[in-house]
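Good morning, and thank you for the time.

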Amino acid sequence: MKASKIGLLILVLGFGGAVETAWSVRQNIGFGPQGCRVLAGRFYGSSFTFDAERTQPVPAGTAIEVVNAFGGVTLRAGDPGQVKIALRKVVFRPTEEQARAFANEIRIDATLDGSLLRVGTNRDELENRSEGREVGFETHFELTVPPATAVTVRNEHGRVEVADAARADITSSFDEVRLSRVSGAARIQSRHGDVLASTVGGDLSVVARHGRVELQDVQGRATVDSEHGDVRADRTGGIVIRASFGEVGVEGVRGDVEVRSQHGPVTARDVTGAATIEGSFGDARVEKAGGDARITVAHGAVEAADVAGGLVAETSFGDVVLARVGGPVQVKVAHGGVNARVLEKGAQISASGADVVIDGFRGEVRVEVDRGGVSLTPAGALTDPVWASAAHGAVRLEVSAGSRFVLDATAEPGEVQVDVPGLVLTSTSAGLTKGEIGGGGSSVHLQARHGDVRVQAATTAAAKNP
Amino acid sequence: MAASFSIERIVIGFALLGLGVLWLLANAGRIDLLSALRTWWPLLLVLWGGLELAAALSRREARRGGS
């Protein structure tokens, strides 16, 4: 066969494929009086609603399992000893007669199997018939169950709402899940829908994909595994969150917080225990932590304030801002600077690309900066060791009254300026100055390469920089 | 004339003719173009196949006549 014929055959088949695709799209997408219809031909056009009810006596302690699709499930506590099942059927047919005829075939299936009541519909049976495949129908359950019932719900394409249960296990997709007032443990798995859970007495586990997660008032431990959605948790026990492509925010945690996040910012506030955050491509912020804080971020800034314990922070391409840290501080920044206020137990800081400023510190401090300067202001009299080195930047130290240390300052190339009353210089040469104050004590080593070193009295600094 | 007999040209000719007529009718509001194309496009393959068969038979007859 000639190449031209092969080309023509491909052209003809391509034309046919394009026509068939256009036809299919036109058949399944449209804008009508009831809104936009996208690839859901069965659920479009006229619909009619019909109701059915059933009451099922159950022994005490019976658990409930509801299986449904294309419709919501609402479950609440009611009278003991019975389960009231209300089913709303919505049938999409052109006429009410046709819809009623189909709706009459939709029935409630409720089977008591030992201590478990299974509730559902005969949807599978109807959909296996040729007519059932063509007809769109929704089944919305409203159940009233005995108080303190353990509940399991498996639903698709419909909202799930469960309240006042003993335990809850919910699997849902393509709509929202709402859970409230559960006395025991709860477990939720959701796809393509938001999850809202509040007032859970036990542990709570949530696995969510493509939806927002909101938790409130969880007494036990909370575990969240989320992708493509924001996570918000308020007033929980200890919490572990694994998240990606969404913002994470936790507040009011009684215990430890552990967050592993990718592609989203993380904020943790009011944590009684330790806070551990590992993130990427988003800023991380910790405010008011009762224990230690450990924050590791790739491509993001770090902010921590009011941390009672120690702090370890590591980041890149972002600055670190710290305020009021009670324990030892360790910071490592690549392509970012550090701005810290009130560090109670010293710091070890390594940074590159920007300045390191510590205003108000106690304890031993060790700072190393590449392509940036260092500015150190102790909280009071300086008696602990200080080691500061800057490449391509200046080093500045303020000295308060009552300080006691031995100074060793080097600036090469650059100059060392010392302006502190009571600081006696014991050796001075080009770029190298040694001295002591208060009779000596800890070692204060200041080193600048391609920058100056300046040691000045705190009052002098205040006067020059009011 | 026999040497200039080309299946591709004939198919393209018929296709252009058919498409033009369909488009014209659609613009006149007489037919639904997409529906008509979707129904009748396989006719191109049928037409082509028929012409290929006719050409093959004509070549065989020519060889017989020559021998």
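Let me begin with Gly300(A), which is buried, with 24 other C-beta atoms within 10 Å. Since the threshold for burial is 20 or more such atoms, the count of 24 is what places Gly300(A) in that class. Please bear in mind throughout that this is a predicted model. Gly300(A) sits in the loop that connects strand S24 (293-298) to strand S25 (302-307) of chain A. Which residues does Gly300(A) touch, if those up to four places away in sequence are not counted? The contacts are Gly279(A), Phe281(A), Gly282(A), Asp283(A), Ala284(A), Thr315(A) and Gly318(A). For one of these, Gly282(A), the separation from Gly300(A) is 18 residues in sequence and 4.9 Å in space, taken from C-alpha to C-alpha.

The next topic is strand pairing. Strand S19 of chain A covers residues 231-244, and strand S17 (residues 213-218) runs parallel to S19(A), with five bridges between the two. Within that pairing, Gln216(A) has Asp234(A) as its bridge partner in S19(A). Strand S18 (residues 222-227) of chain A also runs parallel to S19(A), here with six bridges. Twelve bridges connect S19(A) to strand S20 (residues 248-262) of chain A, again in parallel.

Some backbone geometry deserves a mention. Asp217(A), in strand S17 of chain A, has a positive phi of about 55° although it is not a glycine. With 16 other C-beta atoms within 10 Å, Asp217(A) is partly exposed. Val342(A), which belongs to strand S29 (residues 336-343) of chain A, likewise is not a glycine and has a positive phi of about 55°.

Pro413(A) is located in the loop between strand S35 (405-411) and strand S36 (416-419) of chain A.

Finally, I come to the second chain. Chain B contains three helices and zero strands, in the order α-α-α from the N terminus on. Of its 67 residues, 7% count as buried. How many residues of chain B are in contact with chain A? Nine residues of chain B are in contact with eleven residues of chain A. On the side of chain B that touches chain A, two or more residues come from each of helix H1 (7-27), helix H2 (33-40) and helix H3 (42-66) of chain B. By class, that side has seven nonpolar residues, two charged residues and no polar ones.

That concludes my presentation, and I welcome your questions.

Conventions
Residues numbered from 1 in each chain as written. Chains lettered and ligands numbered in written order. Predicted model: local features only at pLDDT ≥ 70, side-chain atom pairs only at ≥ 80, totals over all residues. Pairing = 2+ DSSP bridges. Helix = DSSP H or I, 4+ residues; strand = E, 2+ residues; numbered from the N terminus. Contact = placed C-beta atoms within 7 Å. Nonpolar A, V, L, I, M, F, W, Y, C, P; charged D, E, K, R; others polar. Buried ≥ 20, exposed ≤ 12 C-beta atoms within 10 Å, placed from the backbone.
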